[in-house]
Amino acid sequence: MTATAQPEGARRARILVVDDEHQTVKAVKYLLRRRYEVLGATRAEEALELLTHTSVDVVLCDQRMPGMTGDQFFTRIAEEYADTVRILITAYSDMDALVRSVNRGRIFAYLPKPWHAEELERVVEKAIIYRQECEMCRSRLDRLRLINERLERTNEDLRSFSHMVAHDLKEPLRTISAFTEVLDTDYRGTLDGQAQFYLDRIARCSSHLQSLIDDLTQLGEVQHTGPMTEAVVLQDVAAEALSLLHARILSTGAEVVIRPLPVVLGDAQRLVLLLQNLISNGIKFNDKEVPRVEVDAIEGPAGFATIRVRDNGIGMPMEGRGRIFEAFERMHSRSEFDGTGLGLAIARRVVENHGGIINVDSQPGLGSTFEFTLPVAG
């Protein structure tokens, strides 16, 4: 039998054998002595006392013992010494006891009695490997937990920093925009063409920077949304989104149709942002005389509703669909269509924070259809 490799300097695995027959304990200790540190006990109470001050990797216990049976012993230690791998030694006639032990003591394996040396060594080796794998998994989980805690602190610091930067940028930006508007109002018609061109560029750049700051702030906010447990009437959410887009809808002559929508679990404010971005996207990236956007619901997977947002806009090639939900990804230049390149990134974050997924189906000149899932209420 091939021995399990032990790291240099690592302690040998420790085995505890519990059997009321002294000769059986002695035989097991002799058989496993070369590879493991083996302890013995002839009573369950003695084994319990030993476990209070000694770390044990694997416990082998006979089922039929006076005072406390093997399955009762394992039930006692299952919670307090949960990491210890448990192996029950039982006669084939003890199947009822075996079932009880599996259910209550959560044994790793059992050995029929009388056992054979090779089978005993094989089962113990598997138990040791299992224990080592559990320790590695626990160590990895501990490291991941530590990394997650650090990431949470870093994200919180970044969030605070972004709020501070946004606040500090908005004030001088508002001043630039206000003075630009005053100059444009008071001196339009008196400036030469070059000066008016510069003034218009300042106004456009200020407006774009304001939109960028707002979108970056929103993107940071949607990443910190808590659990989605509130019932939200999506019909009301859509109405709110339309009211926020009222000026754009009027200026473009767009038609927006909202069909019956379900009640979902979510954050109403974030869902308004989601529909606002998708509807705005359908109006913005559109070369039709009358831009049209339709929002409806179709049957979704169990526990979820699927919402569609369809437009008659310019569409996009198949190869571009995979990256449009990334921040700052644009299929068209800003000279063709305005925007910051963050709208669909925000939409994806909102959907994913609600436990859903979002996809798009689109072809150039034939519009786009966005579909996303949200958990239904009730």
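I take helices and strands as DSSP runs, numbered from the N terminus. The model I am reading is predicted.

**Entry: G266**

I looked up G266 first. It sits in the loop between β8 (263–265) and α9. Is G266 buried or exposed? Its relative accessibility is 4%, so G266 counts as buried, since buried means under 20%. I then checked G266 against E230. The two are 36 residues apart in sequence. In space, their C-alpha atoms are 5.4 Å apart.

**Entry: helix α9**

I moved on to α9. At its start, a side-chain oxygen of D267 comes to within 3.0 Å of the backbone nitrogen of Q269. How many of the 17 residues of α9 are buried? I found 13, and α9 is mostly covered.

**Entry: the sheet**

Next I traced an open sheet of five strands. Its order is β7-β9-β10-β12-β11, and the pairing is mixed. Why is one side of β7 and of β11 left without a neighbour in the sheet? Both β7 (255–258) and β11 (358–362) stand at the edges, so each has a single partner strand. On average, neighbouring strands in this sheet are turned by 20 degrees against each other, direction ignored. Then I noted where α9 (residues 268–284) goes: the helix packs on this sheet. It touches β7, β9, β10, β11 and β12 (368–375). The direction of α9 makes about 170 degrees with that of β12.

Last, I followed β9 (residues 292–299) and β10 (residues 304–311). They pair in the antiparallel sense over seven bridges. I picked out D296, and its bridge partner in β10 is R308.

Notes:
Residues numbered from 1 in each chain as written. Predicted model: local features only at pLDDT ≥ 70, side-chain atom pairs only at ≥ 80, totals over all residues. Heavy atoms only, no water. Pairing = 2+ DSSP bridges. Helix = DSSP H or I, 4+ residues; strand = E, 2+ residues; numbered from the N terminus. Axes fitted to C-alpha atoms, helices over the stretch in contact; angles between N-to-C directions. Contact = heavy atoms within 4.5 Å. Buried < 20%, exposed > 50% of the residue type's maximum accessible area, 1.4 Å probe, protein only. Polar contact = N/O pair within 3.5 Å; in protein donor to acceptor, adjacent residues only side chain to side chain.
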